Amino acid sequence: MPIIVKDFTWTQTESMVYITVPLKGVIRTKVDILSTENYVKLNFVPFFFECFLFRSVDDRLSAVEIGNGQAVFKLSKIEPGLWPQLASPDAETREAQRALRDAAVRRYGERAQEDKTQRDTAKHELGRFAVGEQMKLEQKERQRIEDVKESERKKATEELEKWKEHQIRLAEEANKNLSKRAEAQQPCQKKTIREWFAANNQKDSNIFSDHSGNNCVRESGRIDVSFTPRSFPTPTRESTDLQEQEWLKKVAESQRIRDEQNKDLREEERNPQWLRDKGISYIKLGDYKSAISAFSHAIQLDCHMASLFSNRALCYLAQLDEHELSESTRLEYCTRCIDDCSKTLELLTPPVAQNLESRLKAHVRRGTAYCHLEFYVDALKDYEAALKLKPTDENLQVDALKDYEAALKLKPTDENLQADAERMRKIVQGSEEI
């Protein structure tokens, strides 16, 4: 049964009515409030309060404040003036109260429907207005594009006309120069065929005599020929195009590395081998951050040394044991360790006996990083790959089994994890093939 709140208080002014309803332990999100022109209701289980007002109020301008163990109704009067009482005299009987309550609920529903209709209408009008504005903007944009096209077309036409006029002037100047040159030279005497034969009837007894003196000499000139720029001295061929492109990429990469080198560095600081040895010495001293800096600088100089990525992954993995690391930093170190191990395995191709130890370390370190991230399925794959490389390594077997036992302690109900751990245990014991 609800508890009817009767110890409420109320005050008024010429334009406002204030009703204070005490509610012990009131929570704002769990209060149900209904307010109309002549009726207010508040329900907070187990408390219940309702009031049939003496006069009508404007509920759109009214408000309710909840807090400090009470609810305060601030009702705005439609007609200014003081009320002789708060409750309506028409609500003395239960039948009258029921009728007024039903009318208030019905009015509340009608007003809610009116508000919804107004909101829908306003939303529809706003949508139409937005569509209209968008169409105007698109029309302006199309007009702007057309204006730009027209302006460019006029500009191109004017430039073409200027070019034509320039070519005509050049042609006229060339003709004038040719005419002047022809007038400056001695013109050749034109002869008819009969005159030519008559002049050459008498043959010279010397076959080496020069008879070209009567012929016009052709003018000398120069023709400039240009070729497509090419980096190779040989002609281009489709069969060697891929090799040439690969060579050019390598040259560009080498040039980029040389550009990145700092002129202030010493000679040994530009040597990736020296930087690698320096980073290893930092690892032995426990200074992993300095080691990471050394390996990162060496990678900038030579990004094809797998040992640089492998050692940097070791530094990221070693820092995970520090207790003051935040969760975001720990996640970052694990992710970088996984990326460096993946890069190491990518560079250690083809897999041969000489790089077996390096590939083994990369798989183990990546698997350990996956375990820190609780990606146990991926970790199992790396441990299996490491055991394939060196199945007799007892330390590797023990480490793999410890990681999965630790994982089982974190998630003892994970069936997939239990199956993986059991499989790893059989592999270590030698009862199952990898």
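Predicted model: local features only at pLDDT ≥ 70, side-chain atom pairs only at ≥ 80, totals over all residues.
Residues are numbered from 1 along each chain as its sequence is written, and side-chain values use heavy atoms, with hydrogens and water left out.

Let's start with the whole protein. It has eleven helices and eight strands; these are DSSP runs, H or I of at least four residues for helices and E of at least two for strands, numbered from the N terminus. Of its 434 residues, 26% are buried, meaning under 20% relative accessible area with a 1.4 Å probe, protein chains only. Contact here means heavy atoms within 4.5 Å. Taking contacts between residues at least 6 apart in sequence, 54% join residues at least 24 apart.

Now, how do helix 4 and helix 5 pack? Helix 4 covers residues 272–285 and helix 5 covers 288–301; their axes lie 8 Å apart at an angle of about 165 degrees. Axes are lines fitted to C-alpha atoms over the stretch in contact, and angles run from 0 to 180 degrees between N-to-C directions. That angle makes the two helices roughly antiparallel, a label for angles over 145 degrees. The contact includes Leu-275, Gly-279 and Ile-283 from helix 4, with Ala-291, Ala-294 and Ala-298 among those from helix 5. By class, there are eleven nonpolar, three polar and one charged residues; Ala, Val, Leu, Ile, Met, Phe, Trp, Tyr, Cys and Pro count as nonpolar, Asp, Glu, Lys and Arg as charged, and the others, Gly among them, as polar.

Staying with helix 5, its buried residues are Ala-291, Ile-292, Ala-294, Phe-295, Ala-298, Ile-299 and Leu-301.

The second pair is helix 7 (residues 327–347) and helix 8 (residues 356–372), at about 155 degrees with axes 9 Å apart. This pair, too, is therefore roughly antiparallel. Helix 7 brings Cys-334, Cys-337 and Cys-341, among others, and helix 8 brings residues including Arg-359, Arg-365 and Arg-366.

Last stop: Pro-2, in the segment before strand 1 (3–4). Which residues does Pro-2 touch, leaving aside those up to four places away in sequence? They are Pro-46 and Phe-48. Pro-2 and Phe-49 are 47 residues apart in sequence, with 9.5 Å between their C-alpha atoms.

Thanks, everyone!

Conventions: Parallel < 35°, antiparallel > 145°, perpendicular 65-115°, else oblique. Buried < 20%, exposed > 50% of the residue type's maximum accessible area, 1.4 Å probe, protein only.
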